[in-house]
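The structure comes first, and the notes follow.

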Amino acid sequence: MTVAFVFPGQGAQTIGMGKELAEAYPAAKAVFDEVDEALGEPLSGLIWEGDIETLTLTRNAQPALMATSMAAMRALEAEGIAIDRAAFVAGHSLGEYSALAAAGAISLADTARLLRTRGAAMQDAVPVGEGAMAAILGLDLEAVRAVAAEAAQGEVCQAANDNDPTQVVVSGSKAAVERAAEIAKEKGAKRAVMLPVSAPFHCALMQPAADVMAEALAGVEIKSPAVPLIANVRADEVTDPDMIRALLVEQVTGSVRWRESVQAMAAKGVTEFWEIGAGKALSGMIRKIDRELACRQVGSPDGVKAALDA
């Protein structure tokens, strides 16, 4: 059995995530303490006892989800399961930063600060109400790309997340995305759902955020990860620090090629995916990509203990 560790993205956040890990494993508690210190505020208090609306703000959700993933990773390590148990790491959007932190490419403190910067920059790139995202269900990537091109009409409308064979997310100007949702339904989509997001992620409108991240990443040390990263925008493995830096910048405006990333790992021999951190959204996507692939969630003490028997 060959395993990949995968790390969730925005939308997986819940109040209380990671708290049981922190109570059961001192090393997991230390993660939240270090993230609080790096950000200069008690983010852990918000994660465990705050309100979901505040936690869901992009500037909070991104470092919070990373902290929860890293707490799960430290719990695994405390039980003797190191990063080299995985053949590859990958993450969905912000989860790519969690993957790199888990693989030792970026320090925990730097990752927390980068994600706070990333979240704020993505939020600030487009005035609230001017951008939107919609999940198109039941059309494949090429069909959704055609829908987006037809809907653009001089505005930005792009396929942003190729999540699985049944779901592609479009992102861009609000009016264009709304047009895309209607066109998609006319083209045979089962559903087109406007997403409750605060900004149009992974499209050309995020260029101001990409510029911010280029500057932020230039000042951070990036090492070769202990195991190869399957990068979102390439759907292929990368280990070179300079390439990782460039791809993290490109990722802000580029598509999350999750379906292709999972297929690439499967083609390289991966048979089981461990979802490290909050939720089980990635496991759901992976099962739709390839029913033969096994998944397990590692986001609680029970999940960690179960992984010992894998």
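Glutamine 153 sits in the loop that joins helix H8 (141-152) to S4; helices (H or I, at least four residues) and strands (E, at least two) are DSSP runs, numbered from the N terminus. The model is predicted, with local features needing pLDDT of at least 70 and side-chain atom pairs counting only at pLDDT 80 or more, while totals for chains, interfaces and linings use all residues. Residues are numbered from 1 along each chain as its sequence is written, and side-chain values use heavy atoms, with hydrogens and water left out.

**Positive phi**

Glutamine 153 is not a glycine, yet its phi is positive, about 50 degrees. Its relative accessible area of 57% makes glutamine 153 exposed; the class limits are under 20% for buried and over 50% for exposed, with partly exposed in between (1.4 Å probe, protein chains only). Alanine 235, in the loop between strand S7 (229-230) and strand S8 (237-238), also has a positive phi, near 55 degrees. Alanine 235 is buried, with a relative accessible area of 10%. Most residues other than glycine have a negative phi. Glycine 80, which follows H5, has a positive phi near 95 degrees.

H5 has 21 residues, and its end C-alpha atoms are 30 Å apart. Because 17 of its 21 residues are buried, H5 is largely enclosed by the rest of the structure.

Arginine 116 lies in helix H7. Its side chain makes a polar contact of 3.1 Å with the side chain of asparagine 60. A polar contact is a pair of N or O atoms within 3.5 Å; within protein, one must be able to donate a hydrogen and the other to accept it, and residues adjacent in sequence count only if both atoms are side-chain atoms. Beyond four places in sequence, arginine 116 touches Leu39, Glu41, Leu43, Arg59, Asn60 and Pro63, contact being heavy atoms within 4.5 Å.

| Residue | Location | Relative accessible area |
|---|---|---|
| Serine 173 | strand S5 (residues 167-173) | 12% |
| Histidine 202 | loop between strand S6 (191-194) and helix H10 (207-218) | 3% |
| Arginine 116 | helix H7 | 10% |

Serine 173 contacts Glu130, Gly131, Glu155, Val156 and Leu205, leaving aside neighbours within four places in sequence. With residues up to four places away not counted, the contacts of histidine 202 include Ser93, Arg118, Gln158, Asn161 and Gly254. A polar atom of the histidine 202 side chain lies 3.1 Å from the backbone oxygen of glycine 254.

**The largest pocket**

The volume of the largest pocket is about 720 Å³. Of its 36 lining residues, Gln10, Gly11, Asn161, Leu195 and Val197 are the closest to its centre. Elements that give two or more residues to the lining include helix H5 (58-78), helix H7 (108-125) and S5. The lining divides into 18 nonpolar, 15 polar and three charged residues; Ala, Val, Leu, Ile, Met, Phe, Trp, Tyr, Cys and Pro count as nonpolar, Asp, Glu, Lys and Arg as charged, and the others, Gly among them, as polar.

On a 1 Å grid over the protein atoms alone, a pocket is an open set of points where a 1.4 Å probe fits, with protein on both sides within 12 Å along at least five of seven lines, and lining residues have an atom within 4 Å of a point. Points are joined across faces, edges and corners, and a volume is the space filled by probe spheres set on them.

Methods. The expected span of a helix is 1.5 Å times one less than its number of residues.
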